[in-house]
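Dear colleague,

Please find below the structure for your files, together with its sequence. My notes on helix packing and on the sheet follow it.

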Amino acid sequence: MSHADHPLLPSLLRIAAALERLAPPPPARPDLTGADAFVWHPAAPGGLPARLAPVPRVAAVEIGLLQGVERAKALLLENTLRFARGLPANNAMLWGARGMGKSSLVKATHAAANAEVPGSLALIEIQREDIKTLPELLNILRDSPRRSLVFCDDLSFEREDQDYKALKSVLDGGIEGRPANVLFYATSNRRHLMARDMIENERSTAINPGEAVEEKVSLSDRFGLWIGFHNADQATYFAMVEAYAASLKLPVSAEELHRGAVEWSVTRGGRSGRVAWQFILDLAGRLGVAMPG
C-alpha cells in the first residue's frame with residue numbers, strides 16, 4: 001500500500017488544514033509610505049493583530065525654537081542625518097532633567113532630517129509597557145525599504161521588571177542583529193534607567209554587589225549616544241521664552257516678558273523648557289494671539 005492510499009491520510013490532511021487556518025498569518029510588510037510617523041500597537045490576546053497606526057500630524061516644535069540645548073541638538077541632529085543618508089549611526093538615549101525638551105528634540109530632529117533628506121525616516125513610537133514586544137516590532141521593520149526611528153518616551157524600569165532584557169537584546173544586537181534600517185531613541189529622567197533605591201537594594205543584598213547590578217546599570221551604556229539634559233539657569237530660561245515669543249510675534253516688551261516669565265517660574269517651582277512654553281501659552285491667550293494650526 002502506498003502512502004497515498006493510506007486510510008488515515010484524508011483525516012490527517014483535514015487536521016493539517018484546520019491547524020493551518022488556526023495559525024496566525026505571518027505579519028505583512030508594513031506600508032510606511034502613508035505617513036511620517038506611526039504608533040506601534042502589539043497584538044492583543046484574542047483581539048486585533050499587531051499593527052502600526054499612522055499619525056497624520058506629529059506634535060512637534062521647530063528645532064530652532066529649542067533653546068539651551070545646543071550641544072544636545074547638534075549631536076542628535078548629526079547622528080539622525082547620518083542615518084537618514086544611509087550612513088552608520090548610533091542608538092541614542094536622552095536623559096536628565098524633566099521638561100528640558102528631550103522628547104521635543106527627538107520629534108524636532110526627525111522633522112529636520114526629513115526636511116533635509118525628504119521622506120527618509122519614519123518615526124515609530126513604542127510605549128514603555130510594550131518594550132517587551134520590541135524584538136517583534138524590529139522583525140516587522142527589518143525588510144522595510146524605509147528607515148525607521150523607533151522612539152520610547154520616559155523609559156525606565158522598576159523593581160522585578162524584566163522587560164529590560166528585551167531592550168538589552170536589541171541594543172546588543174541579539175542573534176539576528178539590529179536591522180540596519182532601524183535606530184532606537186529613548187528618553188528617561190533616570191541616568192541608568194532604574195531607580196536609585198533599586199540599585200542600592202540589590203547592592204546591599206547581593207553576594208557580589210557589583211555583579212548583581214551590572215546587567216541593569218550597564219543597560220544605559222549600550223546606547224552609543226548618551227546625551228544629558230540639565231536644569232535651566234535664568235539666562236537659558238529667558239532665551240527660551242524670547243524664542244517662543246518671537247516665533248509667535250507676541251506684542252510684548254523684553255522687560256515685560258522677563259518679568260512675567262520670572263513670576264511664572266516662581267509659581268511653578270522651577271525653570272525648564274516646559275515651564276517656558278506653558279508661560280508663553282498663557283501669555284498668548286491673554287494677548288489674544290492665536291496659536292498656529
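Helix α8 (residues 234-248) packs against helix α10 (residues 273-287) at an angle of about 40°, and their axes lie 9 Å apart. Axes here are lines fitted to C-alpha atoms, for helices over the stretch in contact, and angles run from 0 to 180 degrees between N-to-C directions. That angle makes α8 oblique to α10 (under 35 degrees counts as roughly parallel, over 145 as roughly antiparallel, 65 to 115 as roughly perpendicular, and the rest as oblique). Tyr 237, Met 240, Val 241, Tyr 244, Ala 245 and Leu 248 in α8 meet Gly 273, Val 275, Ala 276, Trp 277, Phe 279 and Ile 280 in α10, where contact means heavy atoms within 4.5 Å. By class, this contact has 11 nonpolar residues, 1 polar and no charged ones (Ala, Val, Leu, Ile, Met, Phe, Trp, Tyr, Cys and Pro count as nonpolar, Asp, Glu, Lys and Arg as charged, and the others, Gly among them, as polar).

The model is predicted: local features need pLDDT of at least 70, side-chain atom pairs count only at pLDDT 80 or more, and totals for chains, interfaces and linings use all residues. Residues are numbered from 1 along each chain as its sequence is written, and side-chain values use heavy atoms, with hydrogens and water left out. Helices (H or I, at least four residues) and strands (E, at least two) are DSSP runs, numbered from the N terminus.

Turning to the sheet, 7 strands form an open arrangement with mixed pairing, in the order β2-β1-β4-β5-β6-β3-β7. Strands pair if DSSP finds at least two bridges between them. β2 (51-54) and β7 stand at the edges with a single partner strand each, so one side of each has no neighbour in the sheet.

Strand β3 (residues 92-96) is largely enclosed by the rest of the structure, because 5 of its 5 residues are buried (under 20% relative accessible area, with a 1.4 Å probe and protein chains only). Ala 92, Leu 94 and Gly 96 cover one side, and Met 93 and Trp 95 the other. β3 runs parallel to strand β6 (residues 182-188), joined by 4 bridges, with Met 93 opposite Ala 186. With strand β7 (residues 225-229), β3 pairs in the parallel sense over 5 bridges; there Ala 92 has Leu 225 as its bridge partner.

Yours sincerely

Technical notes:
Buried means under 20% relative accessible area, exposed over 50%, partly exposed in between (1.4 Å probe, protein chains only).
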